[in-house]
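Dear colleague,

My notes on its salt bridges and backbone follow it.

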Amino acid sequence: MTSIPFCGICHCHILSLNSPARIISNHLGMKKIVIVAAVLLSGLCAFAQSFERPFVETRHNPVTNKDKICRGTATYTAPDQFALVYSDPEGEYVVIDGNTVRVDMAGQIATIDTRKNNFMGGMMETLMDCIAGRYEDAARRNNADVSVSDIKGGIRKVVLTARKAAVRGYSSIDLLYSKSDNFLTEMVLREFTGVQTTYKLLD
């Protein structure tokens, strides 16, 4: 694919093979918002009505060969409320409430209406597909190749790979699901720049 506009918010950036620093003033800020949703939803079982679980976010910089690790608590309430509250760095958060996203990163506050932002809206749709296990729909929507394999521990691994290189965005996204309940437990985002960000939900 020319790139995959994925969604998910992290403390660092947004999932998008088409397009994931500071939120608010630039595109990198929007990236954070999408990844938050990914982390929140990644622990959500298809039938869960609510969810709360600690998460760990690890961002690897290929230039410095160092990792930046962030931690916090992810919560979900059906059908469309999410929150990602960081304990490290303390005080930062991302809240998704229907079509509204509110973010506080390093004291910088932003509110985004996804109905007025087609790019963000598209990423959110792709995110929901990935969380719900509809990865084939996400691949078709984003012109990406998809491969599925079963690995040890009752885990299904799904890899979405961009068909064409791009200046920005993700070259691939790995998704790990529990085969027993289609529960997304881990997401790995690889950017064309070489940066890699991993999100894990903890028990």
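In this predicted model, Asp145 and Arg163 form a salt bridge, with 2.8 Å between the closest N and O atoms. Asp145 belongs to strand β7 (residues 144-151) and Arg163 to the loop between β8 (155-162) and β9 (170-178), so the pair ties together parts that are 18 residues apart in sequence. Asp145 is partly exposed, at 40% relative accessible area, and Arg163 is likewise partly exposed, at 46%.

The count of salt bridges comes to seven. Among them is the pair Arg140 and Asp137, whose closest N and O atoms are 2.3 Å apart. These two residues are three apart in helix α3 (residues 135-141), which means that about one helical turn separates them. Arg140 is exposed, with 59% relative accessibility, whereas Asp137 is partly exposed, with 29%.

A further salt bridge joins Arg115 to Asp113 (3.1 Å, N to O). Here Arg115 is exposed at 60%, while Asp113 is partly exposed at 21%.

Turning to the backbone, most residues other than glycine have a negative phi, and most peptide bonds are trans. Asn65, however, has a positive phi near 60 degrees; Asn65 is in the loop between β1 (50-61) and β2 (66-77) and is exposed, at 59% relative accessible area. Ala106 also has a positive phi, of about 55 degrees, and sits in the loop between β5 (100-105) and β6 (108-113). Finally, the peptide bond from Asp88 to Pro89 is cis, with omega near 5 degrees, and Pro89 lies in the loop between β3 (81-88) and β4 (90-97).

With kind regards

Conventions: Residues are numbered from 1 along each chain as its sequence is written. This is a predicted model: local features need pLDDT of at least 70, side-chain atom pairs count only at pLDDT 80 or more; totals for chains, interfaces and linings use all residues. Side-chain values use heavy atoms; hydrogens and water are left out. Helices (H or I, at least four residues) and strands (E, at least two) are DSSP runs, numbered from the N terminus. Buried means under 20% relative accessible area, exposed over 50%, partly exposed in between (1.4 Å probe, protein chains only). A salt bridge is a side-chain nitrogen of Lys or Arg within 4 Å of a carboxyl oxygen of Asp or Glu.
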